[in-house]
Amino acid sequence: MPALEELEDAYQRYVLENEDGFMDEFRRRLEAFGGRPTPLQRADRLSDRYGRDVYLKREDLVHGGAHKLNNALGQVLLAKYMGKERIIAETGAGQHGTATAMAAAHLDMPCEIYMGRTDVNRQRPNVFRMRINGAEVNPVDAGRGTLKEAISETMRDWSRTVEHTHYVIGSVVGPHPFPAMVRDFQAVISEEARAQCLEQTGSLPDSVIACAGGGSNTMGSFHTFVPDQHVSLYAVEAGGSSLEVDEEAGVAPNSATLATGDEGVLHGARTTLLQDSHGQIMESHSVSAGLDYAGVGPELAHLVDEGRVTPVTVDDESALEAFHRLSTEEGIIPALETAHAFGYLHEAALVDDADEVLGETVVVTVSGRGDKDLETVIEETAARGLDAAPDMSVFEGGLR
Amino acid sequence: MTDGIDAAFADGPAFVPYLAAGDPTYEASLEYVESLDRGGADVIELGLPFSEPIAEGPTIQEAVIRALEAGMTPERFFEFVEELDVEAPLVCMTYYNLIFQYGQAEGPRPFVERAAEVGLEGFVVPDLPAEEAGPLREACDEFGLDLIFIVAPTTRGERLERMMERVSGYVYVQARLGTTGAREDVSDQTGDSLERLASWDVPKAVGFGIKTGEHAESIVAAGADGIIVGSALVDIVADGYENGDPTAETAARLEEKARELSIGARRGAGENVPEPEQP
């Protein structure tokens, strides 16, 4: 796409070389507007439960309730430095859309968000938030109406309007320099976590766990730890309802790209994809809208290939159980995306070689707040009859 | 350069229509493509449908969905090409993941080999940047196929240089920023783009937005060596599909539109061709 050279130049000058004090302004706004640094909090009850120290990197406490603002603020600010006049973005669960709308409002830029129709319907509160922050929301009806179609449609808009528009891509996907840029804006997560862990425990963690959809939270949580070879890195993908792939229907009832995908090219990036034997992209599934993407960031795919990051999957049921566990035991209602990470913590802690897998000190990134997912959780929990869930019968014949 | 594509541009402006292979069915699509050939196509761009057609506007997106739902696959595409009875050289337009996956670990070479076997003469791959096109260029050189790039109004600098080094057959000059789709106006960007590419030694074919003989005429008069038309033709297929029209009737409409566009292009080059038929 034609704008990539201009963007690559801007990335080099402003982000890598801090021209005009761009990175200084970015960090200042992250602090003042975003509420950074976020806490690295010891989870006392989970630590007791699992017999090791569990620390939570509280990205849910970033302004807006998720890690997404880190990237959105960086990119919208970069767009201003580049002289762009308009912001567009894709969004899956709405977290990136709300973050972009907030950042655009904060920095006085008109904003337009593309969101799959299916996701618009299942993430209504975030649609309201985007509108309240002044953004236009364009539903995308193609395919199953989820993130990959929203990305395709945003790319089409950008190819028409590139001269005055910046596309704030929400994850470490797409062509260069997007994945590197998003990683660098999100890297503040692991920069802080690393320093905070050293300060609080006197040593680095033994493992870091983060959920993975496109990979922005994942790369942010891992980036600074990549050179620390003894820190294990676990990328938790949505196992959905099954890891089996229905080749004929073109549907994978999961979003476990790293675990079940193959190398391919999508949206300008060479990466791992959920695809059929011909190379057609599969429809993905997860109970968590933010993890429902058929691809994954190319750098994350590369780190998995070279063995530095271990991909793992958590199914819908385990994620829902983990959602309730964190809510009742730690008083934190996590996003369903985040719940997948805690689902893995739970499963890993129960295996025989848990000490080897997790070590004594574990950092788990709480990538976002779960209030946006409450209706889905209530519905899915009731459908499964989960023991761990609180009794919701107060609603029967009542408030709804 | 392939002999077929060379010849297509040698005798005056080339008319290059596009259709998605297999839209709305395999059999009907064969007739539609052949009707374009009868209507005066000099080169035909055949779309091999991909599930994520990011360079296409709504019209061609719908065509892609129809073709995929009707069962089009890369191997059926090759069979389709073999079955076609056309004189015009055929160019495959598709996205890189289908080329890449066909070869599994071998990269693009197996796909290009099979394409050459069935008689395809070139490729347009809108999501493959010139910087990454080396392996495909090598495979095309090995089997004697052309590799065509799309130049946007904003493409310039090093990327443009790389495209010039690697392009063959013709260059697809995008008439305006954005995706495919028929429009009424002929953009000022077209003249600027053609001027920027004046020193290139391959023919320049202009696409995006052409829908009438008059458009074709003015584009060629502005200096284009050819015109590329997709959405205006796919609209005819879509209308026929939605109305349940007989295949032969839709094919006749396609042939008529192709003739109008082809004649318009030649008029733009100052050729003495028949006056356009009155509607």
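Modeller: Let's begin with A:Asp108, which is in the loop between helix 5 (95–106) and strand 4 (111–116) of chain A. Helices (H or I, at least four residues) and strands (E, at least two) are DSSP runs, numbered from the N terminus. This is a predicted model, where local features need pLDDT of at least 70, side-chain atom pairs count only at pLDDT 80 or more, and totals for chains, interfaces and linings use all residues. As for bookkeeping, residues are numbered from 1 along each chain as its sequence is written, chains are lettered from A and ligands numbered from 1 in the order in which they are written, and side-chain values use heavy atoms, with hydrogens and water left out.

Colleague: Okay, and what is phi of A:Asp108 near?

Modeller: Phi there is near 60 degrees, a positive value in a residue other than glycine.

Colleague: Is A:Asp108 buried or exposed?

Modeller: A:Asp108 counts as exposed because its relative accessibility is 64%. The cut-offs are under 20% relative accessible area for buried, over 50% for exposed and partly exposed in between, with a 1.4 Å probe and protein chains only.

Colleague: What about A:Asn18, what's its phi?

Modeller: Phi of A:Asn18 is near 55 degrees, again positive in a residue other than glycine. A:Asn18 lies in the loop between helix 1 (4–16) and helix 2 (22–32) of chain A, and at 26% relative accessibility it counts as partly exposed.

Colleague: Switching topic: where are the cis peptide bonds to proline?

Modeller: One runs from A:His176 to A:Pro177, with omega near 10 degrees. A:Pro177 is in the loop between strand 6 (165–167) and helix 9 of chain A. In chain B, the bond from B:Asp23 to B:Pro24 is cis, with omega near -5 degrees. B:Pro24 belongs to the loop between strand 1 (14–20) and helix 2 (26–38) of chain B.

Colleague: How many residues of helix 9 of chain A are buried?

Modeller: Nine of its nine residues, 178–186, so that helix is mostly covered. Among them are A:Phe178, A:Met181, A:Arg183, A:Asp184 and A:Phe185.

Colleague: Fine, now A:Thr154. Which helix is that in?

Modeller: A:Thr154 sits in helix 8 (residues 147–161) of chain A. A:Thr154 is buried because its relative accessible area is 0%.

Colleague: What lies 2.6 Å from a polar atom of its side chain?

Modeller: The backbone oxygen of A:Ala150. In general, an α-helix has 3.6 residues a turn, so residues three or four places apart point the same way.

Colleague: And which residues does A:Thr154 contact beyond four places in sequence?

Modeller: A:Thr154 is in contact (heavy atoms within 4.5 Å) with A:Ile88, A:Ala89, A:Glu90, A:Tyr114 and A:Tyr167.

Colleague: There's another threonine I was eyeing, A:Thr272. Is that buried or exposed?

Modeller: Buried, with a relative accessible area of 11%. A:Thr272 is in strand 10 (residues 269–273) of chain A. Leaving out residues up to four places away in sequence, A:Thr272 touches several residues, including A:Thr257, A:Asp262, A:Glu263 and A:Val296.

Colleague: And A:Gly250, where is that?

Modeller: In the loop between strand 8 (232–240) and helix 12 (257–260) of chain A. A:Gly250 is buried at 18% relative accessible area. A:Gly250 and A:Met282 are 32 residues apart in sequence but 5.0 Å apart in space, C-alpha to C-alpha. Not counting residues up to four places away, A:Gly250 touches A:Met282 and A:Glu283.

Colleague: Zooming out, how many helices and strands does chain A have?

Modeller: Chain A comes to 17 helices and twelve strands, and buried residues make up 63% of its 400 residues.

Definitions and conventions
A polar contact is a pair of N or O atoms within 3.5 Å; within protein, one must be able to donate a hydrogen and the other to accept it, and residues adjacent in sequence count only if both atoms are side-chain atoms.
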